[in-house]
Amino acid sequence: MAVPVAFFAVFFAYPVAAIVRRGLHADGAWHLGRIADVLGQPDIRHVLWFTTWQALASTALTLLIALPGAYVFARFDFPGRQVLRAVVTVPFVLPTVVVGTAFLALLGRGGLLDELWGVRLDTTVWAILLAHVFFNYAVVVRTVGGLWAQLDPRQEEAARMLGARPLTAWRTVTLPALAPAVAAAALMVFLFTFTSFGVVQILGGPTFSTLEVEIYRQTSEIFDLSTAAVLTLVQFLCVGAILAVHAWTVRRRESALKLVDASTTARRPRGAGQWTLLAAVLASVAVLLLLPLAVLVQRSLTAPGLGYYRALTDADGGTFLVAPIHAIGASLSYAAAATAIAVAIGSLAAAALARRDAGRLVRGFDALLMLPLGVSAVTVGFGFLIALDAPPLDLRQSWILVPLAQALVGVPFVVRTMLPVLRAVDVRLREAAAVLGASPWRVWREVDLPMVRRALLVAAGFAFAVSLGEFGATVFIARPDNPTLPVAVARLLSRPGDLNYGQAMALSTILMVVCAVALLVLEKLRGADRTGEL
Amino acid sequence: MTLLSLEAATVRLGGRTVLDAVDLAVAEHEIVCVLGPSGSGKSTLLRAVAGLQPLHSGRVLLDGRDQAGVPVHRREVGLMFQDHQLFPQRDVAGNVAFGLRMRGAAKDERAVRVRELLELVGLPGAGARSVAALSGGEQQRVALARALAPRPRLLMLDEPLGQLDRSLRERLVVELRELFARLGTTVLAVTHDQGEAFALADRVVVMREGRIAQSGTPLQVWQRPADAFVARFLGFENVVEARIDGEAALTAWGKVPVPHDAPQGPCSLLVRPAGVRLVAADQGLRCTVAARTFKGTHVAVHLQPADAPRLEAACALRSAPETGAEVGVEFDPAEVVVLG
């Protein structure tokens, strides 16, 4: 417990405190009025307004499109269901930069729709909304569908036997059971889209800017660190509020539901209505989730003889000090280091949280761990930038800075993966081992470890994928001569010319393949003991 | 020689006293069965002895040594859990050998002992089987072998046969008794099933709300329940408030004859069903037959007097009256027990 707490104190609380100080403290005095000043600016108010409504719209659109998907994946049995279920999860771990690039290739200038019908959406808000749906489809399918699949169909049958019509039975029995999961999923989607950075950065152009993008712009383009700090604080408070509501809905979700094995509840669709629904869901998955990725790959191959890929090995494009291809090696080693840190910290935290006798304080730490996930990468990156570049802790020149930031973002995933498994280990199994003469350490090695080994691998994989695609924090602190893949993609996109564009597509494709492979391996590992959570 | 003794052992959980100053001694080679309804604290008693549940006050002594501060894994007692808690990721042999491994036994030695124990519990050659593939009865046997393997000083069983079906339970209880007698194992078991307790134990301890209500051989407890609670828990329904005056007791059922040496004054009275004799309707206490249930060797007849609690009578199969019949009731003093 002490190690994770110390880790978070130094690499999260301290940077956040530094942001507060930078934003509100000047000339030896506190200036709380600065908050009002900054929020009073029309530009900033516009950003706040846009951030909120696009998040609401994205959430509504995601629910609209993904809820039928959740139902279909939960209750229908059809060929390829398992594979497709894994495939729809891929977008969630894809780097935001890849998603932005893919939608640019689909909807942007010279994109597929532009070529076919002369339609461009990259200057409209639709591109952002669709990209957000792409991202969060899996959140809804996994959270809601996971629970839906485990609801006992006999509950509805019991209602039918008591005289309820099918729709009434669904409305009175299934819907109330699902409602907390829907609320939790909606809040997660709202949170992710509220703090969206990479997607908006690439697709938003100069017109649309969320809080995150604005913080980045204030920092790296206008160099107004104190405004950035105030904005970060505003964001921090909003996210804290959302997370608090989320924690509350999750607690409500843990109310006693009669759950059954998910593999027993699915059956073949019956009747024209259900087949139509299945077809519609599959079509929406194909158009929204698969098409953008396919277009991305196709665009990266348009130069003759894999030209864009070969260009990646040249350093003379002028965009970088080194050839873009080196970003792959840098990314992989950063991600490996970040994974090691995240797994170590995350497992320790999960083990402490899983104890039955964990007090309020410890459970509060659970919520705290989620903060970096929601508080947004940009906060983490910006915090690192201003807090860890001066004594007592000067890590600016150290390579460890990037893995540390990425680990901070990865830890919540590790905790989320490990915690249910650790909690599921029956206390009495540990007691049985102790009575048979196993010391506490032996108990952990003999009972806990064999059971969590798989979860540990899955957690490591998640942390790796997340670290690999991490953009918001890394972009602040990655050194120019040693960019990671997402940072390199963003930089290529910011330059004019077909070659840069093509190279961005090629590099994104590589990143996507690495992440997708990592995730599909994880799905295989998770196998039957998958839970409803992401 | 006393192996285990509890001295005023008290456990409080969430403001409730689960074990209330319990004194209990178990001699070497003795089989003691703690009997009580759910929530009476009997499982907590086992957990306190194992060291899984810290005592609020009082002491647990094994071989005369205070166990305070001795961690679970050093107490060298065995505990068979209610739902067995076999390690799912190990096979049968891996489960049985676990305790031996923890004590650092050599590989050959473990293999010999595992084979020996699997034979003992009637599962020879099952070592390589997965525990998930075992039936309930087999799991119970493996759990027993696992608990016995490290030769614990004291073997504790928590509802050992609770989850098995009736016929299997009756067979296993005989096997267990024979096995423990042969091995000379000291056993402390808890159960809520009186049949199981009486069949297994040398001595039965009845618990109620964290206290010991009665302790004695199965015969003593069965013949002379200590109080109305024990009598009712053992399944006797004919318990009534009474006042003894001379050789009869005044009850809601009228005058009931009592044994000669009965103490005078107010008490609870138990009339065994065999002591409720049916006579002609115009004699004794007049009752209506409310229900009859077939019990194999006899019929239990439920009788409703005009304005008194129901009575249960045991009748021979052929002479049992029909439901709705009017009968008279007389009492046999030999089957009447004066409770505390």
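In chain A, residues 24 or more positions apart account for 81% of the contacts with a separation of 6 or more. Two residues are in contact if their C-beta atoms, placed from the backbone, lie within 7 Å. The model is predicted: local features need pLDDT of at least 70, side-chain atom pairs count only at pLDDT 80 or more, and totals for chains, interfaces and linings use all residues. Residues are numbered from 1 along each chain as its sequence is written, while chains are lettered from A and ligands numbered from 1 in the order in which they are written.

Chain A has 23 helices and four strands. Helices (H or I, at least four residues) and strands (E, at least two) are DSSP runs, numbered from the N terminus. Of the 534 residues of chain A, 49% count as buried. A residue is buried if 20 or more other C-beta atoms lie within 10 Å of its own, exposed if 12 or fewer, and partly exposed in between; these C-beta atoms are placed from the backbone.

Helix 13 of chain A covers residues 271–300. Its 30 residues should span 44 Å at 1.5 Å a residue, and its end C-alpha atoms are 43 Å apart, which agrees. The expected span is 1.5 Å times one less than the number of residues. Helix 13 of chain A has a kink of about 45° at A:Leu290, shortly before the proline A:Pro292. The bend at a residue is the angle between axes fitted to the seven residues ending there and the seven starting there. Buried residues of this helix include A:Val285, A:Leu289, A:Pro292 and A:Leu293.

In chain B, six strands form an open sheet with mixed pairing, in the order 6-7-8-3-9-10. Strand 6 and strand 10 (211–216) of chain B stand at the edges with a single partner strand each, so one side of each is left without a neighbour in the sheet. Neighbouring strands of this sheet are turned by 20° against each other on average, direction ignored. Helix 4 (residues 136–148) of chain B packs on the sheet and touches strand 6 and strand 7 of chain B; its direction makes about 170° with that of strand 6 of chain B. Axes are lines fitted to C-alpha atoms, for helices over the stretch in contact, and angles run from 0 to 180 degrees between N-to-C directions.

Strand 7 (residues 154–158) of chain B has five of its five residues buried, so it is largely enclosed by the rest of the structure. B:Leu154, B:Met156 and B:Asp158 point one way from this strand, and B:Leu155 and B:Leu157 the other way. In a regular strand the side chains alternate between the two faces of the sheet. Two strands pair if DSSP finds at least two bridges between them. Strand 7 of chain B pairs in the parallel sense with strand 6 (residues 77–80) of chain B over four bridges. Here B:Met80 stands opposite B:Leu157. Strand 7 of chain B also pairs in the parallel sense with strand 8 (residues 187–191) of chain B, over four bridges. B:Val190 in strand 8 of chain B is the bridge partner of B:Asp158.

Strand 12 (residues 248–251) of chain B has B:Ala249 and B:Thr251 on a covered face, and B:Ala248 and B:Leu250 on an uncovered one. Three bridges join strand 12 of chain B to the antiparallel strand 11 (residues 239–245) of chain B. B:Arg243 stands opposite B:Leu250.
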